[in-house]
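Hi,

Here is the structure I promised to pass on. Please open it first, then read my notes below.

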Amino acid sequence: KSINRYPDGGCFYLKKRLSKRLKVKPENLAIGNGSDEVIILTLRAFLKDGDEVIIAKPTFLIYEIASKIHGAKIKFAPVKNFKYDVSKIARLITKKTKLIFIANPDNPSGRYITKGEVDFIISKAPKNTIIFFDEAYYEFAKNVKDYPNTMKYLNKKRIIITRSFSKAYGLAGLRIGYGIASKDIIDCLNKAREPFNVNSIAQVAALAALDDKGYMKSIIKRVNKGKTFLYKE
């Protein structure tokens with residue numbers, strides 16, 4: 001009945017619920033029109049002319065498209081056996097590197113980089129470089145033995161982590177995702193975003209999805225079953 005009103009621009013209740021789930025403060029969260037929007041907001045907020053962005057090739061196409069639109073100098077690190085090559089990424093880093101995009105697990109390959117590889121990239125990144133971990137498929141990989149817990153790095157480097165309600169929660173059509181970062185980074189993202197970027201129905205659906213753990217588990221189970229079938233056939 002309240003759909004005639006503009007949505008809550010700050011996504012108050014969703015941030016409150018996510019902050020408890022993730023054990024962070026609400027000010028460490030940015031809610032986006034899909035996690036794609038957080039990618040775009042990051043480029044809009046932080047990129048200046050002449051800044052460099054490092055992207056694997058191939059990987060999720062939005063990194064390249066959005067970086068070109070925002071005038072970045074793009075450096076490509078070819079994948080090795082369909083996996084991010086962290087040594088190649090490290091060799092491309094300069095003082096002008098503003099952003100390093102890492103899809104983990106990767107879209108489209110499904111491969112992921114390990115905790116040790118994350119440690120290596122973080123050790124090589126300059127102080128002012130933002131490392132962007134796109135974890136849209138996090139729920140499918142979080143229980144893998146050597147999959148990294150990137151939340152542990154939030155206070156060590158300039159890091160943004162994004163996750164999505166599109167995949168394991170099955171809400172792709174509603175366009176809602178979120179970013180996790182330090183308060184100063186989130187403040188910059190909020191300055192760059194539109195005032196009512198996430199619609200009311202998406203916010204309510206995301207809250208309901210967080211409460212329905214059984215449904216998410218059933219989706220993951222069905223996807224894994226389908227994946228096994230494809231491997232076998």
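Start with K68 and E64. Their side chains meet in a salt bridge, 3.1 Å from N to O. By salt bridge I mean a side-chain nitrogen of Lys or Arg within 4 Å of a carboxyl oxygen of Asp or Glu. Both residues lie in helix α3 (residues 62-69), 4 residues apart, or about one turn of the helix. Helices (H or I, at least four residues) and strands (E, at least two) are DSSP runs, numbered from the N terminus. K68 counts as exposed because its relative accessibility is 54%. E64, at 22%, counts as partly exposed. The cut-offs: buried is under 20% relative accessible area, exposed is over 50%, and partly exposed is in between (1.4 Å probe, protein chains only).

A note on the source: this is a predicted model, where local features need pLDDT of at least 70, side-chain atom pairs count only at pLDDT 80 or more, and totals for chains, interfaces and linings use all residues. Residues are numbered from 1 along each chain as its sequence is written, and side-chain values use heavy atoms, with hydrogens and water left out.

Next, K83 and E117. Their side chains form a salt bridge at 3.3 Å, N to O. K83 sits in the loop between β3 and α4, and E117 in helix α5 (residues 115-124), so the pair ties together parts that are 34 residues apart in sequence. K83 is buried, at 17% relative accessible area. E117 is buried too, at 19%.

Now D85. It lies in the loop between β3 (73-78) and α4 (86-92). With 12% relative accessibility, D85 counts as buried. Its side chain makes a polar contact of 2.5 Å with that of S87. A polar contact is a pair of N or O atoms within 3.5 Å; within protein, one must be able to donate a hydrogen and the other to accept it, and residues adjacent in sequence count only if both atoms are side-chain atoms. Leaving out residues up to four places away in sequence, D85 touches P78 and K80 (contact: heavy atoms within 4.5 Å). D85 also forms a salt bridge with K88, with the closest N and O atoms 4.0 Å apart. K88 is partly exposed, at 26%. Elsewhere, salt bridges that share partners join E52, K73 and K75 into one network. The salt-bridge count comes to 13.

Last, N190, found in helix α7 (residues 183-192). N190 is partly exposed, at 26% relative accessibility. Its side chain makes a polar contact of 2.8 Å with the side chain of R193.

Best wishes
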